[in-house]
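Have your viewer open and ready to select residues by number. Let's take a short walk along the chain together.

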Amino acid sequence: MRSIRVLDHAPDAPQWNCRDCGDQWPCAERRREILTTNDPTMARIHMSVYWPFMVVDLTRYDGTTTLLYLRVYGWIPKHRP
Ligand SMILES: [Zn+2]
């Protein structure tokens, strides 16, 4: 019987902290995993899946998205390193 693989360092919504290390998600370990398995374009596409949910959950009170944008996309290099 196959088991379902649960991702390490997955987000815990609606707070969007890492389930494993408790840091803001994406935590350093998750960012490292994403960048080792994706080029920068695919990393941005990967993160865009989470973006609308993070905007709804994390801008509910202050309404700003600039810092959230940097948190979600700012760590992805513009080009393949
Ligand atoms: Zn983590």
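Here is the tour, from the overall layout to single residues.

This is a predicted model, in which local features need pLDDT of at least 70 and side-chain atom pairs count only at pLDDT 80 or more, while totals for chains, interfaces and linings use all residues. Residues are numbered from 1 along each chain as its sequence is written.

Start with the whole protein chain. Its C-alpha trace spans about 45 × 35 × 20 Å along the principal axes. Colour by secondary structure and look for 4 helices and 2 strands, in the order β-β-α-α-α-α from the N terminus. Helices (H or I, at least four residues) and strands (E, at least two) are DSSP runs, numbered from the N terminus. Of the 81 residues, 10% count as buried; buried means 20 or more other C-beta atoms within 10 Å of a residue's own, exposed means 12 or fewer, and partly exposed lies in between, with C-beta atoms placed from the backbone.

Now select H9, in the segment before strand 1. Its phi is near 55°, a positive value in a residue other than glycine.

Next, go to the loop between strand 1 (11–12) and strand 2 (17–18), where P14 lies. The peptide bond from A13 to P14 is cis, with omega near 10°. W16 sits in the loop between these strands too, and has a positive phi of about 60° although it is not a glycine.

Move on to P26, in the loop between strand 2 and helix 1 (28–37). The W25 to P26 peptide bond is cis, with omega near 5°.

Finish at T41 in helix 2 (residues 40–48). Is T41 buried or exposed? It counts as exposed, because 12 other C-beta atoms lie within 10 Å.
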